[in-house]
Amino acid sequence: MSPNNWLGLAGKNAVVTGAGGGIGRGIALELAREGATIMVIDLDESGAHETVAMIEQATGAKAMHFACDTADAKQIAAAAGVLRSEVGPADVLVNNAGIIGRGTLMDTSLDDWQRVIDVNLTGYLLCAREFGRDMLERRSGSVVNVSSICGVHPNPQAGAYSPSKAAVSMLSRQLAVEWARHGVRSNAVAPGLIWTPLSDASYSDPSIKKAREGLVPMGTIGMPADIANAAAWLASPRSGYVTGQEIVVDGGLDQALLGLLSTASN
Ligand code: NAD
């Protein structure tokens with residue numbers, strides 16, 4: 001825990017979905033370092049178990065895992081029941097579990113389209129409603145939704161991914177407006193290019209990594225900790241008057257379009 005509990009997260013209960021690896025694991029570890037008790041939710045039971053072991057070893061914080069599909073309402077209700085009975089209701093929910101699509105919109109099968117929408121969008125709604133119910137009752141809580149710069153910039157060849165992430169941004173803002181009077185906040189973090197198991201195939205190839213780094217004004221690919229730092233602030237009472245906002249964490253990539261003009265004229 002940070003020595004003076006600056007973020008005010010010590011003793012809070014935080015649920016992080018998709019925390020069996022990648023960005024979610026980074027967020028879970030950061031919240032645990034700040035003294036929160038963590039529930040790791042992931043489809044991948046061994047990844048979830050590993051995150052809990054890492055939390056216990058690195059931080060000494062209390063952590064538990066629940067293996068389930070965030071797109072399944074019954075399983076999420078069961079996860080919330082376990083959290084309530086073991087440590088109490090959630091103070092923080094980080095909606096992070098996500099998958100990418102493949103191929104153009106024309107080539108995407110309806111099954112693939114539906115699965116991406118189910119996990120990336122409906123899963124966020126289900127978790128927000130299930131864990132948010134207790135927050136609304138207690139008039140206190142923070143929901144952090146991991147969106148993507150792909151929600152603003154279409155990602156060709158990624159199927160329903162960009163449409164799903166655009167919808168996550170609006171889901172986050174609508175929850176913010178609906179829940180603000182009930183003391184519950186909702187914000188989003190939009191990552192740029194981040195090195196995780198999802199993107200490892202690209203970044204483990206040095207030539208692709210170098211080419212992509214060249215596109216980022218800050219010159220590096222982000223790491224899960226970069227997203228975790230923003231998510232922890234949004235989760236915490238330190239952002240207590242912030243709701244309905246989205247923080248882009250991308251080393252400036254989102255702002256780089258017109259900078260390409262100088263490359264084109266050289
Ligand atoms: P990842 O694949 O490394 O990790 C995602 C985790 O979610 C995995 O552990 C996976 O098992 C879990 N998961 C997937 N579907 C699930 C489901 N239905 N129920 C429960 N768990 C499920 O991915 P990541 O790169 O860490 O991405 C995390 C989030 O960040 C996603 O929402 C993704 O869209 C977003 N994001 C990632 C990047 C990037 O460059 N890596 C960029 C922008 C946004």
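Visitor: What covers the buried residues of H5?
Guide: This is a predicted model. In it, the cover over the buried residues of H5 includes helix H4 (110–138) and strands E5 (141–146), E6 (184–191) and E7 (246–249).

Visitor: And which residues in H5 are buried?
Guide: Tyr161, Ser162, Ser164, Lys165, Val168, Ser169, Leu171, Ser172, Leu175, Ala176 and Trp179.

Visitor: How far apart are the end C-alpha atoms of H5, and what span should its 19 residues give?
Guide: Helix H5 covers residues 161–179, and at 1.5 Å a residue it should span 27 Å. Its end C-alpha atoms are 27 Å apart, so the two values agree.

Visitor: You mentioned H4 and E5. Where is Arg139?
Guide: Arg139 sits in the loop between H4 and E5.

Visitor: What does Arg139 touch?
Guide: Setting aside residues up to four places away in sequence, Arg139 touches Arg181, His182 and Gly183.

Visitor: How far is Arg139 from Ile208?
Guide: The two are 69 residues apart in sequence, and 47 Å separate their C-alpha atoms in space.

Visitor: What is Ile208 in contact with, then?
Guide: One contact is Ser202, which also meets Lys209 and Arg212, leaving aside neighbours within four places in sequence. Ser202 belongs to helix H6, residues 200–203.

Visitor: Ser202: buried or exposed?
Guide: Ser202 has 18% relative accessibility, so it counts as buried; the cut-off for buried is under 20%.

Visitor: Changing topic. How many residues does the largest nonpolar core have?
Guide: The largest nonpolar core has 56 residues, and those with the most contacts inside it are Ile27, Leu31, Ile38, Ile41, Ile55 and Phe131. Helix H8 (residues 224–235) gives the largest share of this core, 7 residues.

Visitor: Pick Ile38. What does it touch?
Guide: Not counting residues up to four places away in sequence, Ile38 touches Ala14, Val16, Ala28, Leu31, Ala32, Ile55, Lys62, Ala63 and Met64.

Visitor: What about pockets? How much space lies in the second largest pocket?
Guide: About 170 Å³. It is lined by 13 residues, and the closest to its centre are Ser140, Gly141, Arg185, Ala235 and Pro237.

Visitor: How does that lining divide into nonpolar, polar and charged?
Guide: The lining of the second largest pocket has 4 nonpolar, 6 polar and 3 charged residues.

Technical notes:
Residues numbered from 1 in each chain as written. Predicted model: local features only at pLDDT ≥ 70, side-chain atom pairs only at ≥ 80, totals over all residues. Heavy atoms only, no water. Helix = DSSP H or I, 4+ residues; strand = E, 2+ residues; numbered from the N terminus. Buried < 20%, exposed > 50% of the residue type's maximum accessible area, 1.4 Å probe, protein only. Contact = heavy atoms within 4.5 Å. 1 Å grid on protein atoms, 1.4 Å probe; cavity = no way out; pocket = protein on both sides within 12 Å on 5 of 7 lines; lining within 4 Å. Points joined across faces, edges and corners; volume = space filled by probe spheres on them. Nonpolar A, V, L, I, M, F, W, Y, C, P; charged D, E, K, R; others polar. Core = buried A, V, L, I, M, F, W, Y, C linked by side-chain atoms within 4.5 Å. Expected span 1.5 Å × (residues − 1).
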